[in-house]
Amino acid sequence: MFNLKNWPFLRQIFMVKDDYKQRGLRNKLVKKLRLKGIQDERVLEAVGRVPRHAFFDDALLLHAYEDKAFPIGEGQTISQPYTVAFQTEKLAVKAGDKVLEIGTGSGYQACVLLEMGANVYTIEYNRVLFERTRAFLPKLGYNPYFAFGDGSKGMPSKAPFDKILVTAGAPVVPDDLIKQLKEGGTLVIPVGDRERQKMVRIIIKNGKPVRDEFDNFAFVPLLGDQGWK
Ligand code: SAH
């Protein structure tokens, strides 16, 4: 039988409020991200607008504006705000960019991309998370294009993209993702082993992928054809 108790996200729909307390905590989080090295004011403003507490179950509400990752069910996590801000900054999103996000998860990162004015396409491999987030995000006023499937192969039906963001740790940079970028396009993807990955950025310059590497992170594994088996 359907019971709202089992659907914390649905329950939130009836409870999302964004008062001075939440906004105050969010401003503090933004200050912390700035101290940790995030410089792009547009990224910080976007994080400052998304009501992260709406993604949390009652019992975890107090943790919504800590700079930490949290479980969202199905063995998956809502990424740490610093990680979201770091990836978004490296992606250099401009208003109007067509952006593919791989690993919808809670949908929080997609909201940040939407707040930056991007046209967001997001794909999730876990059916339960896909259904849950597709139902939940529009209730907060966020409407990316949702797809269910293996994002390790990108989203050929909607390619090419200005930007592609992978929010799960990959063993390799999938060729398909590079092929789905426009000239001048950017891919940001954590690459490494199952426990630890280096943030990799690839920009297509004169038809060729140019690679940069940044800090280490710990993402949940990218599954699927080009992911972990
Ligand atoms: N961006 C999310 C964090 C996602 S955690 C957020 O803001 O909350 C990583 C997500 O990637 C998980 O939901 C996982 O199910 C998903 N995932 C793993 N492999 C995938 C694949 N091959 N295609 C699409 N999604 C995948």
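P160 is found in the loop between β5 and β6 (161-166), where helices (H or I, at least four residues) and strands (E, at least two) are DSSP runs numbered from the N terminus. The peptide bond from A159 to P160 is cis, with omega near 5 degrees. Most residues other than glycine have a negative phi, and most peptide bonds are trans.

This is a predicted model, in which local features need pLDDT of at least 70 and side-chain atom pairs count only at pLDDT 80 or more, while totals for chains, interfaces and linings use all residues. Residues are numbered from 1 along each chain as its sequence is written, and side-chain values use heavy atoms, with hydrogens and water left out.

The ligand sits in the largest pocket. A pocket here is an open set of points on a 1 Å grid over the protein atoms alone, where a 1.4 Å probe fits, with protein on both sides within 12 Å along at least five of seven lines; a molecule sits in one if more than half of its atoms lie within 2 Å of its grid points. Of the 27 residues around the ligand (a heavy atom within 4 Å), E101, S106, E124, G151 and L223 come nearest. The shell draws at least two residues from each of β2 (76-78), α5 (108-115) and β4, and β2 gives the most, with 3 residues.

| Residue | Protein atom | Ligand atom | Distance |
|---|---|---|---|
| Q109 | backbone N or O | oxygen | 3.0 Å |
| Y125 | polar backbone atom | nitrogen | 3.3 Å |
| T167 | side-chain N or O | nitrogen | 3.1 Å |

The protein covers 99% of the 580 Å² of accessible area that the ligand has on its own, as computed by the Shrake-Rupley method with a 1.4 Å probe.

Strand β4 (residues 119-124) pairs in the parallel sense with strand β5 (residues 145-148) over 4 bridges, pairing being assigned if DSSP finds at least two bridges, and T122 has F146 in β5 as its bridge partner. Together with helix α6 (residues 127-136), β4 and β5 make a right-handed β-α-β unit; that is, with the strands pointing away from the viewer, the path from the first strand over the helix to the second runs clockwise.

Strands β8 (residues 197-205) and β9 (residues 208-217) run antiparallel and are joined by 8 bridges, among them the one that gives Q197 its partner F217 in β9. Their hairpin has 2 residues between the strands, and N206 takes a positive phi near 50 degrees there.

Terms used:
A polar contact is a pair of N or O atoms within 3.5 Å; within protein, one must be able to donate a hydrogen and the other to accept it, and residues adjacent in sequence count only if both atoms are side-chain atoms. On a 1 Å grid over the protein atoms alone, a cavity is a set of points where a 1.4 Å probe fits but cannot get out, and a pocket is an open set with protein on both sides within 12 Å along at least five of seven lines; lining residues have an atom within 4 Å of a point.
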